[in-house]
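Please look over the sequence and the three-dimensional model shown here before reading the report.

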Amino acid sequence: MKLKKFEGNPILTPNPENSWESLVVCNPGVYYDSDKFYMLYRAAGDDEEHIIRFGLAESKDGYVFERVSNNPVLGPSAEGPDMGCIEDARIVKFDDYYYVTYAFRPFPPGQYWKFAHDEVLTEDHGKHAPHFIKHNMANSALAMTKDFKEWIKLGRITDSNLDDRDVILFPEKINGKYAMLHRPKEWIGEAYGVTNPAVWIRFSDDMLVWNEPSTMIIGGIDGGWEEKVGGSTPPLKTDKGWLVLYHGVENGGLGYYRVGAVMLDLDDPTKVIGRTKDYIMEPEFDYEIEGYYKGCVFPTGNMIVGDTLYVYYGGADKYIGLATCDVNELISFTLSEEQNS
């Protein structure tokens with residue numbers, strides 16, 4: 001089974017009229033509420049530092065999106081740990097507030113596609129500078145808003161000395177606790193039971209305090225399309241379990257980012273009850289191959305409307321695409337004996 005890509009892709013492209021989004025729009029968080037799709041997208045202009053901000057677009061049908069402003073709706077702080085960039089929003093809702101997790105850095109990363117893999121710009125602050133500052137680490141933070149225009153930044157929710165991105169909240173409490181997926185890059189080796197970065201889950205009584213032990217739920221598989229993995233989209237509650245999309249990266253081959261799906265137990269999401277052996281989406285078209293990461297489909301937003309799953313993704317770190325499927329078909333495929341043998 002493969003997700004069906006919208007023939008009108010990409011649905012959002014860089015806007016040369018706005019300097020802050022003239023080079024990149026990708027990796028959008030999306031939420032469907034009150035008959036409207038809200039898209040919080042990652043954007044950057046053609047500046048050498050590569051400062052990254054969030055723009056906002058809206059849609060009635062989930063296919064055609066219109067920008068709501070010529071200005072970013074959220075950006076790096078003038079002072080503080082997120083001075084460099086904010087990126088890759090994931091959105092859930094509790095009560096009247098949307099809660100948005102996102103990655104950030106103390107300094108802009110630079111145009112990273114011009115560097116060696118996993119390298120970013122750094123600044124020298126002396127030998128006593130904390131690891132976070134010294135290495136321009138990517139951490140993850142939480143913000144809340146009622147309208148995607150006025151914001152409360154709540155601050156860091158991961159350890160400062162870990163490159164811990166792909167941090168995603170579950171949209172409701174489970175057994176009285178909040179739940180979070182995360183991907184600490186340094187948690188590899190014998191002590192962690194994985195050879196490449198993996199997806200972990202942890203629980204908490206407070207959305208800002210995450211100090212309970214984590215459980216690894218999705219590890220990479222050597223020699224295939226998903227040797228390195230990370231969480232992609234917020235979990236979606238279904239009557240069969242929590243549906244979660246994740247991304248996988250091959251170490252060899254083309255180094256493509258592809259997409260798989262897992263089902264987690266409703267009452268105990270540390271239990272994986274189904275996982276796709278085969279990827280359900282991969283780079284195929286120019287807008288997914290010819291960009292700043294050549295060969296990347298990276299979902300960050302998904303919603304179920306009726307029986308349709310809408311999946312919003314970054315293409316080649318430059319564009320935004322949409323793919324859909326019958327959600328019941330995907331659930332059956334993910335739980336099938338063929339995929340889990």
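The report below turns to charged side-chain pairs and then to one alanine.

This is a predicted model, in which local features need pLDDT of at least 70 and side-chain atom pairs count only at pLDDT 80 or more, while totals for chains, interfaces and linings use all residues. Residues are numbered from 1 along each chain as its sequence is written, and side-chain values use heavy atoms, with hydrogens and water left out.

**Salt bridges**

Side chains of opposite charge can pair when their charged atoms come close. A salt bridge is here a side-chain nitrogen of Lys or Arg within 4 Å of a carboxyl oxygen of Asp or Glu, and a search of the whole structure finds 20 of them. Three of these salt bridges are set out in the table, including the pair of Lys-5 and Glu-288.

| Pair | N to O distance |
|---|---|
| Lys-5 and Glu-288 | 3.0 Å |
| Arg-183 and Asp-163 | 3.8 Å |
| Arg-275 and Glu-226 | 2.9 Å |

The salt bridge between Lys-5 and Glu-288 links distant parts of the chain, 283 residues apart, with Lys-5 in strand β1 (residues 4-5) and Glu-288 in helix α2 (residues 286-289). Helices (H or I, at least four residues) and strands (E, at least two) are DSSP runs, numbered from the N terminus. Lys-5 is buried, with a relative accessible area of 11%, and Glu-288 is buried too, at 0%; buried means under 20% relative accessible area, exposed over 50%, and partly exposed in between, using a 1.4 Å probe and protein chains only.

In the salt bridge between Arg-183 and Asp-163, Arg-183 belongs to strand β11 (residues 178-184) and Asp-163 to the loop between β9 (151-156) and β10 (164-169), so the pair ties together parts that are 20 residues apart in sequence. Arg-183 has a relative accessible area of 11% and is buried, and Asp-163, at 8%, also counts as buried.

Arg-275 and Glu-226 form a salt bridge that joins strand β18 (residues 272-275), where Arg-275 lies, to the loop between β13 (215-218) and β14 (228-231), where Glu-226 lies, 49 residues apart. Both Arg-275 and Glu-226 are buried. Elsewhere, salt bridges with shared partners join Arg-90, Asp-163, Arg-165, Asp-166 and Arg-183 into one network.

**Around Ala-323**

Ala-323 sits in strand β21 (residues 319-326) and is buried, with a relative accessible area of 0%. Neighbours within four places in sequence aside, Ala-323 is in contact (heavy atoms within 4.5 Å) with residues including Leu-3, Lys-5, Met-281 and Tyr-313.
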